[in-house]
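Hello,

Here is the structure I promised to pass on. My notes follow below it.

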Amino acid sequence: MTAPTAPQGRLPHYVSTAPFDPYSVELMTAEQERYFLASQWKMMWWKLKRHRLAVISGAILLVMYTSILFSEMIAPYNLHSRFTDFVYAPPQPVHLFHEGKFEGPFVYAFHYSLDMDNLQRIYTPLDGETLPPDMTQAPPAELHKLRFFCRGDAYEYLGLIDGSFHLVCPARDGTLFLMGTDRLGRDMLSRIIQGTRISLTVGLIGVTISFLLGITIGGFAGYYGGWVDIIVQRVIEVLRSLPELPLWLALSAALPVNWSPTLIYFGITVILGLLDWTGLARAVRSKLLSLREEDFCTAAQLMGASPSRIIGRHLLPSFMSHLIASATLRIPAMILGETALSFLGLGLRPPITSWGVLLNEAQNINVVVLYPWLMLPVLPVVIMVLAFNFFGDGLRDAADPYK
Amino acid sequence: MLSYLVHRILIMIPTLLAISALTFMIIQLPPGDYLETYIAELESQGENVDPAKIQYLREQYGLDEPMIVQYAYWLGGLLHGDMGYSFEYSQPVSKIVGDRLLLTFVVTLATVLFTYIVAFPIGVYSATHQYSWSDYGLTFFGFLGLATPNFLLALVLLYLFNRYFGISIGGLMEPEFVDTPWSMGKLMSVIQHLVVPTVVIGTAGTAGMIRRLRANLLDELQKQYVVTGRAKGLPPLKLLLKYPLRMSLNPFISDIGDLLPELVSGSVIVSVVMSLPTTGPMLLAALRSQDMYLAGSFLMFLAMLTVIGMFISDLALAVLDPRIRLHGGATK
């Protein structure tokens with residue numbers, strides 16, 4: 001290696017006159033800045049957006065929960081409108097074309113006949129081709145065109161405002177049973193739509209209760225440790241080793257018989273929430289056990305903050321997003337729990353209508369064979385549970401700072 | 001190992017005690033007691049109620065004593081196998097429930113086996129084939145099993161099995177075998193009838209198990225020792241079976257603690273729908289009529305089933321994993 005040759009003569013002293021910014025090396029692009037300054041919730045939202053299934057599920061949840069604000073308007077009929085001429089009528093499918101001609105959405109009217117051999121009700125759609133069993137010749141077709149944005153059954157919106165506006169109504173003097181009718185001739189679709197209100201809020205209220213309990217109990221156990229922690233741990237262990245459903249059953253059987261259905265509804269949500277806080281409490285506890293050793297916690301203590309302030313203001317926010325995600329995953333269990341309780345007849349009682357109450361009528365194997373459409377309330381149950389699961393999973397991944 | 005065993009058994013005792021206290025409290029919750037229901041029933045049928053007789057019954061069953069004394073009686077009886085007296089059936093509880101407890105145990109055991117046998121290969125497959133179509137398909141199927149209410153699945157399967165395999169609806173055996181001594185035919189019939197409840201009760205647990213096994217195995221597969229093994233030229237199957245799979249089995253066994261309560265819950269509702277002669281339907285009836293000793297024994301039995309199941313799973317874990325045994329089970 002040769003030594004670098006010395007420059008020929010001296011270089012002139014040079015000082016740049018451009019303004020100097022000592023932080024220029026640390027300057028970030030606008031995009032980087034946006035990323036580094038984003039709040040916790042914003043980052044969660046960005047991560048969640050990439051999880052397509054979670055976003056779709058979230059949209060479904062949003063639609064369903066919005067629908068409970070307008071149940072009466074979306075449903076074609078009222079909750080208790082009865083059509084005694086159409087008991088156990090099968091679903092009427094919506095058609096667009098009649099004999100090759102576009103007619104707009106319509107349903108075929110039903111012809112009712114009773115099979116005297118096995119006393120079975122037979123409904124034949126009057127489409128001009130199908131032959132009813134008690135006739136020799138197919139009657140002319142009868143079309144009932146759907147009406148949209150129309151006046152139909154009168155209802156009291158939220159029990160306050162009288163209204164009769166519906167999104168879709170049957171033709172005048174016609175019927176529209178898109179999902180068939182039940183044993184009293186009530187439209188299943190309308191009942192499912194209005195049952196959504198109860199079924200979805202049960203999970204929400206139940207989770208709120210379990211969330212509050214879990215945070216409080218787990219928070220104190222984790223923060224104080226020692227014997228508080230030991231007792232809480234034992235209680236959790238006992239509760240977790242008890243099978244949920246028999247316990248729910250026992251507790252709801254203990255609800256006084258003379259309570260009003262609304263009171264029973266709140267009782268059931270409280271029961272669902274009361275037994276569910278253990279998982280959350282464990283998560284909170286284990287997090288707090290490590291977080292309370294952090295310096296910022298000691299600092300707060302030295303400044304004289306009360307334990308509940310330290311837990312609520314300083315410790316919990318650092319993993320709140322994660323807690324909310326786990327709570328989301330508990331809602332489907334509650335929806336299923338309510339369904340199971342009501343199905344067994346120990347949950348909600350009519351006239352309060354939930355998906356579980358509707359399924360209570362499908363308790364019998366005859367239903368599966370003769371009136372399978374009575375099992376349709378299971379559809380929203382499955383959809384909601386799936387949506388909550390996917391959404392909760394996505395939320396949990398998004399809340400995890402290490403992913 | 002022995003000290004761990006003792007330690008674990010000692011923990012179980014207070015847990016069971018707490019459970020029994022809780023159970024007793026729940027039984028006592030409904031306002032009134034069985035006698036009041038009984039009186040109301042008699043009156044509604046227009047029969048006269050003799051107050052002296054009621055008073056006699058009340059004293060006989062200790063219903064007038066303070067609750068703590070009633071609890072002590074009940075617990076003392078439990079300890080030597082006397083589960084109290086069923087007002088509804090006018091018989092000692094132990095006489096009514098014997099067969100049902102055994103059958104519940106059989107159904108639960110069958111379901112646990114089913115869950116493991118189904119979840120294990122599927123979990124391993126979907127972890128080793130992550131993000132493939134079959135992985136998505138299986139995961140979705142598992143979710144569907146999680147989301148469908150048990151009882152409806154039971155109804156539909158019951159119908160399909162009756163339609164296509166001619167298996168009678170409800171019950172645990174063909175009607176002609178009821179009240180006959182055990183024979184080969186009866187056993188086969190029971191096994192055939194066990195299929196639907198096992199599958200139905202098992203679906204939710206299986207789905208959860210698949211997800212957890214998949215997640216655990218995926219975590220292990222990313223670790224360096226797997227890369228090392230692969231670099232050294234270990235055949236893929238041997239590499240999978242010998243290291244990561246064994247590591248991920250750990251939670252698979254400890255999960256039984258979550259699995260058992262789930263299965264027991266599921267079995268209650270499914271056996272109501274399918275009218276299986278297990279604890280479910282009778283528990284429901286007892287709760288409805290506030291037949292407290294009967295309901296209490298069932299609750300206690302179901303809880304014990306899960307506690308003992310957890311105990312066994314803890315033991316199995318300790319045998320499998322020296323780290324747990326050496327820590328004495330104190331840390332989790």
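Is Phe149(A) buried, partly exposed or exposed? Phe149(A) counts as exposed, because it has 10 C-beta neighbours inside 10 Å. (A residue is buried if 20 or more other C-beta atoms lie within 10 Å of its own, exposed if 12 or fewer, and partly exposed in between, with C-beta atoms placed from the backbone.)

Before going further, please note that this is a predicted model, where local features need pLDDT of at least 70, side-chain atom pairs count only at pLDDT 80 or more, and totals for chains, interfaces and linings use all residues. Residues are numbered from 1 along each chain as its sequence is written, while chains are lettered from A and ligands numbered from 1 in the order in which they are written.

Phe149(A) sits in strand 6 (residues 147-157) of chain A and, although not a glycine, has a positive phi of about 45°. Helices (H or I, at least four residues) and strands (E, at least two) are DSSP runs, numbered from the N terminus.

Tyr88(A) also has a positive phi, near 55°. Its place is the loop between helix 4 (71-74) and strand 1 (95-98) of chain A, and it counts as partly exposed because it has 18 C-beta neighbours inside 10 Å.

Finally, the two chains meet: 31 residues of chain A are in contact (C-beta atoms, placed from the backbone, within 7 Å) with 38 residues of chain B. Helix 7 of chain A gives the most to its side, with seven residues.

Best wishes
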